[in-house]
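Student: I would like to learn how to read a model of this kind, going from a single residue to the whole chains. Could you take me through it?

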Amino acid sequence: MSELVRSSGNPLMDKIRVFAKSFGLPRLIIAGFLLLLFIMAPFVGANFFTQLSNTINRFSWNAVLVLSMVPMIHSGCGLNFGLPLGIIAGLLGGTIAIELGAVGAGSFWVAVLLATPFAVIFGMVYGFLLNKIKGGEMMIATYVGFSAVSLMCIMWLLLPYHSPNMVWGYAGTGLRTTISLEGYYLKALAGFLAINIGHLSIPVGSLLFFALLAFAMWAFLHTKTGTAMTAVGSNPEFAKAAGINIDKVRLLSVIMSTWLGAVGILVYEQGFGFIQLYMAPFNMALPAVSAILIGGASVNKASIMNVIIGTFLFQGIVTMTPTVMNSMIHMDMSEVIRVIASNGMIIYALTRKSEVSR
Amino acid sequence: MKNRKTGYEAPLEKISPARKVLGFARDNTVPLMFILICAICIPLSGFSVNYLLAEIVTRISRNSFLILSLLIPIMAGMGLNFGMTLGAMAGEIGLILVSDWQIWGIPGMVLAMIISIPISIGLGVLCGKIMNMAKGREMITGYIMNYFINGIYQLIVLYAMGVVIPIIHSSIILPRGYGIRNTVSLLAMRQSLDNLIAIRINGVKIPVMTFVVIALLCLFIVWFRKTKLGQDMRAVGQDMEVARAAGINVERTRIISIVISTVLAGFGMIIYLQNMGNLSTYTAHSQIGMFCIAALLVGGASVDRATIGNVFLGVTLFHLMFIVAPSAGTALMGDSMIGEYFRVFVSYAVITLALIMYETKKRKASSKAGRELALAQKLEEENK
């Protein structure tokens, strides 16, 4: 999308037209809807700054998860419906960090460190599998994710965790479904340099952490390996002819996505305040997928801008619709609207002809 | 001679019995695995044979119709129809309306089916059209369609019913005046089809009429395969381009296959729910597609090939596992939740495994075709 706008170099109107076209109608509708919500907010008695802070907060929780879509989209592995696998690596990291007695904000970094080997191993197995089944990645990714989540449900019960803050008090074994992070890495990032003025609160630390990762991703995509990754995704034949080892590049992209998923869930948890186990990771892939698509990505093309715009729009709708809609028509239709908008967006992306041929 | 040199020999040599057994095991990995799981779990669970038989008969009668609805899209090469849930939702809307009108028993069921038909057709056409736009990724599209249409279903059932669509009965509508309650009781309709003609053998109730209906559907599918349309579908499933060259309207044929599947799934859901006796308005359909697909795959079906035999073997093995897993888990690990999670895991793992096997087979076939083509070209060049 961004290249198109940049290369046009025509007068402003032309630029806008090209932008609108490349942006896609569904995205315009969603962006327009969010804008309308923000305009309506003061009229229904919702404080604009509270709403904005909520949106930014939720943005900071989810942005890394959405960023984890980027490497796999670039290497042509499609939308990472297998995100739960990365999330499980993150959950393992988080719970083991607590089990080992790490406390305070530092436990976040311990968790990231501990999650990394899991993410790399899971990513390697997962990437190896995806290389075997090129062309059918998305469906299989979905079910690999589901299988992993349900297998881990058994594991959460059986693994030898003992920390009294995590296991069921009565039985003494088996992790609880939700674990409070009070005293551990609650607000480990969000609390850093946080700005609080009146109704406006901005978790600067989380945003900085995301910016760091996003910048690293951007820089990576401009290295030799990164360009090779884009080449594999956009034109595998050409990449092969240029002597790129396609399988290796794809494997790397899957490992990166899985690791980012692991870090992403830890960032989410430090903002949200709880570790959610068992079936919770089950439906975490779809919001992330639709967020990046809303931001303007397609099945094999995504940029950092797509991540930022998409996460902001998606989380904006998630936070704004309940308050605004509730006060306007006294019906909580937000959940339904979110389901329709986000899944409609995924269907729209899947049916784009230009990408199907590749 | 050339063939020898390049390592591609014709399959002339005799296949040893050991390899035959191995080949059989490889082709039927999933059913064999399930027979093994059941063989281990049944003694552990401690259920009596009679109890298991009764449960299995109930579940076959309850689920077979739904699973059979998956066969036609597979024939048309559209893979496992994850969009069958759309039909299930149409069936549920039918049931909600007839329970509001207080029409019970067989007339209620038939009326619900009639109501579900136009909804199913509409949804099927929509789903088919979208799948035509996403050729090659029908399954993931169908899967997301579930969620999308589920949103619209909620919009209708939770907000429009009682406001736009008149619903009067207070046992169905939420106290706030619009929207349907979480559960709609179908007690007055419960097992009306099953009990129409039911015989008991050794305490095992056999719902003859339900089985007659299922048998009729099987006959329909067998007959349908032989019709012109059925043949067209198989041609489309084999190769879309060839079918198009032969003058078949590929897009239309594919849409029809999805429409038939959706309508049948609607009927199947009504049969399923009359057996259950109550309708969980917002969750009844959410897992149904997954369980039906898993059951079909357990029966030895693959993404591109499924028979009626697969349906019945699958439903038996899958539900046998489902019945015994929790108590086997309790006996083995002392925790019933482990068995619960185990059966969920197995359902997903089976689908994953089947999808992986299908994709690797497809890739192998295409690379083999590529190699053969390259070989043929090489031979041609040498002959020149």
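Tutor: Let us begin with F49(A), which has its place in helix 4 of chain A, where helices (H or I, at least four residues) and strands (E, at least two) are DSSP runs numbered from the N terminus. This is a predicted model, in which local features need pLDDT of at least 70 and side-chain atom pairs count only at pLDDT 80 or more, while totals for chains, interfaces and linings use all residues. Residues are numbered from 1 along each chain as its sequence is written, and chains are lettered from A and ligands numbered from 1 in the order in which they are written.

Student: How many other C-beta atoms lie within 10 Å of F49(A), and with which residues is F49(A) in contact beyond its neighbours within four places in sequence?

Tutor: A residue is buried if 20 or more other C-beta atoms, placed from the backbone, lie within 10 Å of its own, exposed if 12 or fewer, and partly exposed in between. F49(A) has 13 such atoms and is therefore partly exposed. Contact requires C-beta atoms, placed from the backbone, within 7 Å; leaving aside the neighbours within four places, F49(A) is in contact with G198(A), H199(A) and L200(A). L277(A), by contrast, is 228 residues from F49(A) in sequence and 33 Å away in space, C-alpha to C-alpha.

Student: What is the span of helix 4 of chain A, and where is its kink centred?

Tutor: The expected span of a helix is 1.5 Å times one less than its number of residues. Helix 4 (residues 48–67) of chain A, with 20 residues, reaches 27 Å from its first C-alpha to its last, close to the 28 Å expected. The bend at a residue is the angle between axes fitted to the seven residues ending there and the seven starting there, and helix 4 of chain A has a kink of about 40° centred on W61(A). Since 14 of its 20 residues are buried, helix 4 of chain A is largely enclosed by the rest of the structure.

Student: Where does the kink lie in helix 14 of chain B?

Tutor: That kink, of about 40°, lies at A325(B), shortly before the proline P326(B). The 26 residues of helix 14 (residues 308–333) of chain B should span 38 Å, and the end C-alpha atoms are 37 Å apart, which agrees. After helix 14 of chain B comes G334(B), with a positive phi near 75°.

Student: How do strand 2 and strand 3 of chain B pair?

Tutor: Two strands pair if DSSP finds at least two bridges between them; strand 2 (residues 198–201) and strand 3 (residues 204–207) of chain B do this in the antiparallel sense over 4 bridges, and I199(B) has I206(B) in strand 3 as its bridge partner. Their hairpin has 2 residues between the strands, and N202(B) takes a positive phi near 60° there.

Technical notes:
Contact = placed C-beta atoms within 7 Å.
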